[in-house]
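This report looks at two protein chains, how each is built and how they meet. The model comes first, then the notes on it.

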Amino acid sequence: VRGFLRALSRALPEASVSVDAAEKVGADWFLDVDLNHHRVTVQWRAGKSFGISSESGPGLGEGPHEVIDGVAAAVAKVVDLLLHRRRTTVPKPLPLRQLRQQRGVSQAALARVLRVQQCSVSKQESRGDFLVSSLRSVIEAMGGRLRIVASFPDGVAREIAFAKKGAKE
Amino acid sequence: MLHSAEGMADRIHKQRRLSEFFRRLLASPPSNSGTEAMKLISDTLNAVEDELSGVPFHPDLWQSDGRMYPPRSDSKRSVPGHADVVRFRSRGHNVFVGRNGAIRILAAATPPESGPVLFEKLGADGRPLPRLTKDTGDRS
């Protein structure tokens, strides 16, 4: 947090920052940054990088809109949001290629983990249809976990649990 | 500071859910203690979001999934000069809860007690939370 504050004050000395420190170890710190009445909230929790949101909005208890690794990138994002009075929003669905790029994983690295050729990864990213198991492998190779959720018009949303290979009901 | 059409629709939908949460919270019997008040907040908000958000309950996610979540217990902060009140901070709000079960929800601001009051509920003793703005020394 100290590093972030130092870097922000160098980049944008006219911004005012209020620090709402966590009282428990491992809990979120909130840094409320204001420039000409445009506010950006930065959340920090040990091991979670920086969470950045410019839109407080009505969402009680909502997490940060964007999560950014590293002090320099986080400060650059905050400066951009403040100077251009931009707003962040709830993350939207992404194409697989963009998700991989956002996670900082190259096609070559993904291909190595999946033990396939790089051109297979490229083809996979252009596909409109997937086996659930293939998609799960790709997400897990990026360090994530695949969840598939069914949403219904009455507001009910349920995650689907797939039967394990060879398991009988 | 323009919102996209999609962003605006999301904001309106969430505002409706928040209003429904406030409506149900206000209609519930008052709480006898801070612990009871926190349980009431959690149960009421989770019920509203289960019914209306269309987003599954995943409180372990740090990044926003578009669902509203009750205050996390580790977000608790003490309120200077008010030992009988605690504050729970989230990105856009401060939830103040009294030992008597009274609740006050404010939009996040600096200082925290200066934000616009969005919701207020008395405790079971019929009393609201005390005035929390910083003491100016004016005793008149």
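## Chain A

Helices (H or I, at least four residues) and strands (E, at least two) are DSSP runs, numbered from the N terminus. Chain A has six helices and seven strands. From the N terminus on, their order is α-β-β-β-β-β-α-α-α-α-α-β-β. The radius of gyration of chain A is 20 Å, well over the 15 Å that the globule rule gives for 169 residues, so chain A is more spread out than a compact globule. That radius is taken over C-alpha atoms, and the globule rule is 2.2 Å times the number of residues to the power 0.38. Along the principal axes, the C-alpha atoms of chain A fill a box of roughly 60 × 40 × 30 Å.

This is a predicted model, in which local features need pLDDT of at least 70 and side-chain atom pairs count only at pLDDT 80 or more, while totals for chains, interfaces and linings use all residues. Residues are numbered from 1 along each chain as its sequence is written, chains are lettered from A and ligands numbered from 1 in the order in which they are written, and side-chain values use heavy atoms, with hydrogens and water left out.

Of the 169 residues in chain A, 36% are buried. Buried means under 20% relative accessible area, exposed over 50%, and partly exposed in between (1.4 Å probe, protein chains only). Contact means heavy atoms within 4.5 Å. Among contacts in chain A with a separation of 6 or more, 38% are between residues 24 or more positions apart.

## Chain B

Chain B has two helices and five strands. Along the sequence they follow the pattern α-α-β-β-β-β-β. Buried residues make up 49% of its 140 residues. For contacts in chain B between residues at least 6 apart in sequence, 43% join residues at least 24 apart.

## A buried threonine

B:Thr44 sits in helix α2 (residues 34-52) of chain B. Its relative accessibility is 9%, so B:Thr44 counts as buried. A polar atom of its side chain lies 2.6 Å from the backbone oxygen of B:Leu40. Beyond neighbours within four places in sequence, B:Thr44 is in contact with B:Phe21, B:Arg24 and B:Leu25.

## The interface

Chain B and chain A bury about 3,900 Å² between them, 52% of it on carbon and sulfur atoms. Buried area here is the accessible area (1.4 Å probe) that two parts lose on being put together, summed over both. The contact takes 44 residues from chain B and 49 residues from chain A.

Six salt bridges are counted between the two chains. A salt bridge is a side-chain nitrogen of Lys or Arg within 4 Å of a carboxyl oxygen of Asp or Glu. There are also 19 residue pairs in polar contact between chain B and chain A (both at pLDDT 80 or more). A polar contact is a pair of N or O atoms within 3.5 Å; within protein, one must be able to donate a hydrogen and the other to accept it, and residues adjacent in sequence count only if both atoms are side-chain atoms.

On the side of chain B that touches chain A, the elements giving two or more residues are α1 (5-27), α2, β1 (76-79), β2 (82-89) and β3 (93-98). Helix α1 of chain B gives the most, with seven residues. The residues on this side divide into 15 nonpolar, 14 polar and 15 charged. Ala, Val, Leu, Ile, Met, Phe, Trp, Tyr, Cys and Pro count as nonpolar, Asp, Glu, Lys and Arg as charged, and the others, Gly among them, as polar.

## Salt bridges

Over all chains the count comes to 22 salt bridges. One of them joins A:Glu62 and B:Arg91 (3.5 Å, N to O). This pair crosses between chains, from the loop between β4 (50-53) and β5 (66-68) of chain A to the loop between β2 and β3 of chain B. Both A:Glu62 and B:Arg91 are buried.

Within chain A, A:Arg145 pairs with A:Glu159 (3.9 Å, N to O). A:Arg145 lies in the loop between α6 (132-141) and β6 (149-151) and A:Glu159 in strand β7 (residues 157-159), so the pair ties together parts that are 14 residues apart in sequence. A:Arg145 counts as exposed, at 57% relative accessibility. A:Glu159 is partly exposed, at 32%. In chain B, B:Arg24 and B:Glu51 meet at 2.9 Å, N to O. Their bridge links helix α1 to helix α2, 27 residues apart.
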